[in-house]
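Reader: I have a structure open and would like to go through how its parts pack. Can we take it step by step?
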Amino acid sequence: MTTEDKYLNSHTSIQALIDQIPNGVGIYHVYPDGNVKQIYNNEGYYKIIESSRMKRKQYEEFNVLLAVHPEEREDCKRQLIQAVKEEQQFNFEMRICKDDGSYKWIAMKADIVEKNEEYVTMYASLSDIDQLKTMQQELEQNQAEIQIATDRAGILYWIYETDKHRTVITRGKGYGYDTVIENVPEVFRGTGDVYPEDEIKYFGLFEKMQSGVEFCETDARVFNQLLKQYQWQHITFSKISENRYVGSSLDITERKRVEQKYNGEIMIRQELLQDSIISYKLNLSKKIVEEKITKYPDKGGRKAPFELTDDLWKWGTAMIVDEEDRKLFQSKFEAKALLDAWDRGETSVELSAFRMKIGDRIKWYTARVLLVQRPYSGDIIGITYTNDIDIRMNNELGTKRVLLEEMEFVALINSDTEKIRLISAREGESCIPPLEEGDFLEYRRKRIEPIVLPEDLDKIRQQYTVSGIRQELDQKGIFSLTYRGMDYANKIWRKRLRAFYLDAEHQHIILLRNDVTDIYNEELRQQEILQKALDDSREANRLKTDFLSRMSHDMRTPMNGILGLTQLSKEENDIEVMKDYLNQIELSGKVLLDLINDTLDMNKIDSGNLKLNLLPMNSEAVFSNVITNARIMAAEKGIELKLDLPDIAHGEWKPVIADASRLEQIFFNIISNAIKFTPNQGTVEIIFKNLSTDSGIVRDKYIIRDSGIGMKPEFVPHLFDAFAQENRNPYGKDQGSGLGMSIVKQLVEMMNGSIQVTSELNKGTEVTLIMQYPIYEGKMDAGDISKEDFEGLAGKHILLCEDHPLNARIATKLLEKKNIKVDVAENGKIGLDQFETLGEGYYDCILMDVRMPVMDGLEATRAIRSLDRKDAKNIPIIAMTANAFDDDVKQCMEAGMNAHMAKPIDAQKMYQILAEYMKR
């Protein structure tokens, strides 16, 4: 009988008890050497480690500490011996090996219950802390990552309390300073912590904060106690509450270094110019030549600044003798190549030696461009230097020139004997000349011709001869030949041969060969990139031209109606005819406004700036409004409107969260298209069906079906393209902007919905919408102000801040129709002065334009809200502006306005908003 069996037979009541406990419980014998023998573990323990009693016998029959992770095992054993020795409770967290080899964190608490000379008996509780440990580790890692990111960025944050003159560092390495610093800034005076030349502007920050400024900043050198050196810091303070500022410092030492480097480069430029025959200062970022300096007078050339086009490089490369050097010159010194070099960390680009023909002379030159970044603007500036090295090159040995090239081999040709021998070659190169002098033509026939592509054989046989090389050298001063071959993997390679006279007698010729396959392939790739860029540019220009043409036509059509009918109205005396003209002018104005809104919506969608205004909404009221407008449009054309809306009658509509105005826009576009492209006496059918209301989500299906002209099959896939129009509506001249359905699709997808369209020519079109909305669980506010209940506006006094006389006149007339008193201010400053001068409560509301001279509406609003008067904080300020983007609305709200109305003014909407805010 085992020890465990004996123990459990004598403690059967204990076993029965611990088996009822859901958590892990164990009974162990602990020996003086720290080894542990398991007597019994309940089922709760095996559930924790996801195992069974049978599977764990490998640990339980021997020392159970073998299941503990090696990193905790010795510490566990040591603490266990200590607990037994001192007869204390044992508490330990450790990882236990699972059956699959992974580990799980367990907390163990054990107490001694029996003790004899051989061992002690301990009862232990075991808890699963794996998830807690994982969360702790993730939290520690996240905090460490944030700290590392802040430290690496060289950023330090602190809170400064002006009343206590105390700084508390909250994040970042403190440059060796204490976390809490008292007696600030006096503690830093005269200590050298701030560079002496920067003390005035540094301590000036604290004087500004004592005066209560909202924000202040400066650059100063601060001593880093850890690095034992001064570092440039950009220091800012922002007021967050009374007597409290948040401060930050950003290490700008590198930026200052760039400034100093830039200034230094400009200074040494004058020295380099002494040896340079010509120099340019190039603004590579802006692609212009800012300055040109030459020792030689310009002969009709352009003076800087001028555009940095290919003309500049053509001028230089046209005089380079060797074709390969011309290509290399362009590959190194074109603007894009220089910018790429800067991105790679290079500050100097050089072409060490090349021949140029100036006048009748061929001479050696070197070209160099120093790269530096202009501070603040960030523009990359290239300063070019071209130097005459002809004397130096002619005096150097040919072998020294060879060292400047990366060559596969270097050989020497005796032009008298037409013999060739190898001087040096890279390891592993093939087809090299013989080590001992051999016949040149024999070498070419045996080593070169067998590997050359057939298309290049004639060129090799005609030009790659000793006489051919000499003839080229005598004429141009250099020999160059490129040929192609194929390797064992059937890949084409390109080799370039170059030759120079080694001596003045022209007896010996240095022959060099290098591989130019990568250069050639890169040139092809660059050509493909340029061609694609050209094609894209042409397509963009075509789309731009098409867009401008369409917009010109679509905007001029309603504008022509407005201007023409306005002229007719001036000459018309019949009131009824004039009213008809005005109605038509209003319709044309709405068409023009819809076109502008569609264009702005499309622009916001393309730029990713369109945001949904998700609020609780009464979906029945929204859809009922859509149906009301549909009835009016259908009635005007004599079209039968069929409705299948059973859920409206049964009151099954749910309050949901959505953008009501955008939802109306979706339905209006689809339904108005159905009516527009359906003949008189035709039918338009609107079907609504609730698909599901599960998990807090409403899914609805809408079908809009018409008996109209339909669409050609080839046009249907392009229906949602911007500006797409089939231009075949015989039932109405208004074709629209071609943006409506594109906007509809974008809005539907933003609302997590879907849209499908089927159409048959001359039979009709069917649009199916599947929309889903989160259910609003709160109580809907029906509102207290009716659209027609504006009697309460009479006698109110409004301050209108508007700089445009016509807009001010229109708004004043509309307000006076409701018996509202109006004072007009021509700009925000006048409005502020009027409000501040007149007594508290004099005005009931302020209508504020945004763009005004002297002081704009945002500044005026902030100034009014900051006045020490009760009504300054509470008076409704409503934006009435042509600034209608989402960012404009956000800026108005942040400035302290209560609401936003976009121009042109909608009178009913204006009355509604005024009634709502002046009733509060």
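Reader: At what angle do H21 and H22 pack, and how far apart are their axes?

Author: This is a predicted model. In it, H21 and H22 pack at about 140°, and their axes are 10 Å apart.

Reader: Why are H21 and H22 called oblique to each other?

Author: Angles over 145 degrees count as roughly antiparallel, and 65 to 115 as roughly perpendicular. The angle here is about 140°, and H21 and H22 are therefore oblique.

Reader: What is the handedness of the crossing of H21 and H22?

Author: The crossing of H21 and H22 is left-handed.

Reader: Which residues of H21 and H22 meet?

Author: From H21 there are Arg662, Gln665, Ile666, Asn669, Ile670 and Asn673. They meet Gly740, Met741, Ile743, Val744, Leu747 and Val748 of H22. By type, the residues of this contact between H21 and H22 are 7 nonpolar, 4 polar and 1 charged.

Reader: OK, strands now. What order do the 5 strands of the open sheet come in?

Author: The order is E25-E27-E28-E30-E29, with mixed pairing. The edge strands are E25, residues 640-644, and E29, residues 754-760, and each of them pairs on one side only. From one strand to the next, the twist averages 15°.

Reader: In which sense do E25 and E27 pair?

Author: E25 and E27 (residues 683-694) pair in the parallel sense, over 5 bridges. Aspartate 644 stands opposite isoleucine 687 in E27.

Reader: Back to the helices. Which strands does H21 lie across?

Author: H21, residues 660-676, lies across E27, E28, E29 and E30, and runs at about 170° to E30. H22, residues 740-750, packs on the sheet too, where it touches E29 and E30. The direction of H22 makes about 145° with that of E29.

Reader: Different pair. How do the axes of H10 and H11 cross?

Author: The axes of H10 (residues 323-333) and H11 (residues 335-343) come within 5 Å and cross at roughly 55°. H10 and H11 are therefore oblique to each other. Ser331, Lys332 and Phe333 in H10 meet Ala335, Ala337 and Leu338 in H11. That contact of H10 with H11 has 4 nonpolar residues, 1 polar and 1 charged.

Key: Residues are numbered from 1 along each chain as its sequence is written. This is a predicted model: local features need pLDDT of at least 70, side-chain atom pairs count only at pLDDT 80 or more; totals for chains, interfaces and linings use all residues. Side-chain values use heavy atoms; hydrogens and water are left out. Axes are lines fitted to C-alpha atoms, for helices over the stretch in contact, and angles run from 0 to 180 degrees between N-to-C directions. Helices (H or I, at least four residues) and strands (E, at least two) are DSSP runs, numbered from the N terminus. Angles under 35 degrees count as roughly parallel, over 145 as roughly antiparallel, 65 to 115 as roughly perpendicular and the rest as oblique. Contact means heavy atoms within 4.5 Å. Ala, Val, Leu, Ile, Met, Phe, Trp, Tyr, Cys and Pro count as nonpolar, Asp, Glu, Lys and Arg as charged, and the others, Gly among them, as polar. Two strands pair if DSSP finds at least two bridges between them. A crossing is left-handed if the near helix is turned anticlockwise from the far one by less than a right angle, and right-handed if clockwise.
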